[in-house]
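Here are a few exercises to work through with the model open beside you. Try each task before reading its solution.

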Amino acid sequence: SNAITLHRVRNFRSLALDLRADQTPSAAPSAEVAGPAPGNEAAPQASRVPPHDVVVVGASPAGIAAAVAARREGRSVVLVEELSRVGGMYTAGGMGLADCFFMDRRMIDGLCEEIHGRIDAHYKSQGIAYRPANHRDRFPKDQGRWYHEPKVAEKVFVELLAEAGVDVITGQPVVAVRKPGGRIEAVELADGRVLAGRVFVDATYTGDLMALAGVEHVIGREGRAAYGESLAGKQVIHGQRKVWKVDPRDAAGRLLPTVNTADPGPTEDGDEKIQNYNFRLTLTDDPANRVAIPPPRRYDPARYELLRRYLLAHPDDARIKEPYPLPNRKYDWNDAQSVAFSHAIPGGSWAYPAADLPTRRAIEDDHREFTLGLLHFIRTEPSVPKRIRDSFARFGLPKDEHVDTGHFPPMIYIREARRMVGEHVLTQHDIDREPRKPDSIGVGLAPITIHNVQRVALADGYYHDGSAHTPYEPHGAPYQIPYRALLPKRGQCDNLLVPVCLSASHVALGSIRVEPTWIMLGQSAGVAAALAAAEGVACHDLPYDRLRERLLAGRQVLDILPEQEPEPAP
C-alpha cells in the first residue's frame with residue numbers, strides 16, 4: 001500500500017531507491033531531482049536538474065512506457081507530470097476497464113502485455129480470478145486482466161518506474177520550452193526547475209510540450225476535402241448513432257441546456273470541435289468501503305431537462321448508462337454512446353486543449369458539478385424509473401481510491417485534444433485501404449469510435465448526438481502505424497517524439513486513441529528517443545532497421561499478421 005501513496009511526495013526518487021534496495025544497481029547514470037537551492041527561491045530560473053538523455057513530459061501510460069523503455073535501453077531518463085500521481089487515465093482518471101477488449105489479443109505484447117500481466121498477477125496472488133458476467137459474450141477468454149482498480153494500476157506503474165530507475169517529478173506542469181533553434185534544449189517547470197535533455201517525448205494527453213515547442217498542430221474535425229475521408233466532416237449519424245424523439249426546445253422555442261445547435265452547417269465541412277469529455281467515476285456498493293457521494297455545490301435541474309423529457313416520453317425504453325463492474329465490488333462509470341443522455345457535456349470540451357491551466361480547472365470543475373448533479377437527479381427525480389433509482393442508490397465512492405482528492409478522480413477523460421501535423425498524417429485510408437507501412441512501430445486494431453461532438457436539435461421534436469462510429473465489433477481491421485507519425489515535420493523540431501497527440505486526422509484518432517495503442521506508441525517512442533540520444537542523431541535520421549531491431553527485442557508487435565483470421569470472441 002505504501003507504493004500506492006508514497007510517490008506523491010515531492011521527492012519521488014526516494015521511493016524508487018527504497019523499492020530498488022535489493023536489486024542490482026543500474027548501469028545507466030541517474031540524476032538527482034532537486035528543488036531550488038536554499039535561499040534561492042526568488043530566482044527559480046537558477047535551479048537546474050542535471051541533464052538527462054531523455055525527458056518525458058506526461059506520466060500517462062504512454063509516458064510511463066516511453067520512460068521505462070528508454071531506461072531499459074541504458075539511457076538516463078526523467079519523467080515529469082502535472083498531476084500528483086503517475087498513470088494518467090488508468091490511475092488518476094478512474095479507467096478501470098482497459099480498452100484492450102477492442103483489440104485482437106495477438107496484437108498486444110511488449111510493455112502493454114507486461115503492465116496488464118502484472119495487474120493480473122496481483123489479483124491472482126489474492127485469489128481473485130475476475131471475469132464480469134455481463135460481458136462474457138464479448139471479450140477474449142483472459143479478459144479479467146483488463147479490469148483493474150485504479151490503485152492497483154498505480155501500484156504497477158510505480159513499481160515499473162522504480163525498478164527501471166526512472167527519475168520522476170510529479171505535481172509540476174511544464175510552463176515554457178527553451179528552443180533556441182530546431183532542437184529543444186530544456187523545459188521549465190512551474191516551480192522554476194529546468195530540465196535539460198538530448199531528446200524529448202511529449203506523452204501528455206493535450207500535446208502541451210508540442211505546442212510550446214511551436215510544432216504544427218490542429219484542433220477539431222477536418223472536412224471531407226482535407227484527406228478524402230468518408231467519415232470526416234460533421235457526421236450526423238453513423239453505425240450506432242440514434243435520433244432521439246424528445247423535444248429539445250423550451251416553450252419559447254429556445255434550445256434546452258446541453259443542446260448545442262439547430263444548424264450545424266454543411267455535413268462535409270470541418271470545424272474546431274472535438275469529442276466530449278467526462279469524469280470516469282470509480283464507484284462501489286461495498287458498505288465497508290463506501291463513502292457518500294457528495295452533493296453538487298451548484299445543482300441546476302434545468303441542465304437535465306432533456307433527460308427528464310426522454311424518461312417521460314419513453315418509459316419502456318428508459319435507460320441510463322450502468323457502470324462497468326471491476327474487482328472487489330467496484331465499478332467504472334463512463335460516458336455512453338448508445339443512450340440518450342450521459343454525464344459527458346456536449347461542447348464542454350471544445351475550449352480545453354488550447355486553454356490555460358486556470359481555464360482547464362474551471363472546465364473540469366463544471367464537469368464535476370454536472371456529474372454530481374446528474375447523480376443527484378437520478379436518485380431524486382420522480383421521472384427516473386424506480387429500478388434505475390434503486391440501482392444507483394446503492395453506490396458510493398470507494399474509501400481506498402483517489403484518497404487525496406476526496407475519492408473523486410482528479411483527471412477528466414481527455415479523448416482528443418491537439419493533433420500534430422507531422423511527417424505522415426494517419427487518416428482513415430491508412431486504416432481501411434493502406435494498412436501496411438515500411439516503418440511500422442506497432443499495430444492498431446481498435447475500431448474508429450468517436451464519442452459525441454455536439455448535440456443537434458432537429459425539426460419536429462427530435463435531436464441527435466452526431467459523430468462517427470464504425471461497426472467493427474469486437475475487432476477492427478489491423479493496420480501498421482508508421483514511425484513518421486510520431487515525428488514533427490522536418491525542420492520544426494528534430495529531437496521531439498509525440499506518441500499520444502501524434503500526427504493523425506480526427507477520424508483516424510478515433511481508432512488510435514485507446515490506451516493499449518498509446519502504450520505501444522509510448523514504448524516505441526521511448527526506444528527511438530534512447531537510440532537517437534545515444535547515437536547523437538536527429539529523431540528523423542534514426543535508421544529504421546536499428547529501431548526495428550530494438551522494438552522486436554522489446555516484444556513489440558510490428559506486423560499485422562494478414563495470413564490469420566482475427567481471434568473470435570468466445
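**Exercise 1: Helix 4**

Task: find which residues of helix 4 are buried, and what they pack against.

Solution. Start with burial, where buried means under 20% relative accessible area, exposed over 50% and partly exposed in between (1.4 Å probe, protein chains only). Gly110, Leu111, Cys112, Glu113, Glu114, Ile115, His116, Ile119, Asp120, His122 and Tyr123 are the buried residues of helix 4. A word on the source: this is a predicted model, in which local features need pLDDT of at least 70 and side-chain atom pairs count only at pLDDT 80 or more, while totals for chains, interfaces and linings use all residues. Residues are numbered from 1 along each chain as its sequence is written, and side-chain values use heavy atoms, with hydrogens and water left out.

Next, look for the packing partners: these buried residues pack against helix 3 (61-72), helix 5 (150-164) and helix 13 (515-535). Contact here means heavy atoms within 4.5 Å, and helices (H or I, at least four residues) and strands (E, at least two) are DSSP runs numbered from the N terminus.

Finally, step past the end of the helix to Gly127, which follows helix 4 and has a positive phi, near 75°.

**Exercise 2: The nonpolar cores**

Task: identify the residues with the most contacts inside the largest nonpolar core.

Solution. A nonpolar core is a set of buried Ala, Val, Leu, Ile, Met, Phe, Trp, Tyr and Cys residues joined through side-chain atoms within 4.5 Å. The largest one has 145 residues, and Leu497, Leu502 and Leu547 have the most contacts inside it. Helix 13 gives the most to this core, with 12 residues.

Take Leu547 as a test case: leaving aside neighbours within four places in sequence, its contacts include Val527, Ala528 and Leu531. A second, separate core has five residues, among them Met107 and Val443.
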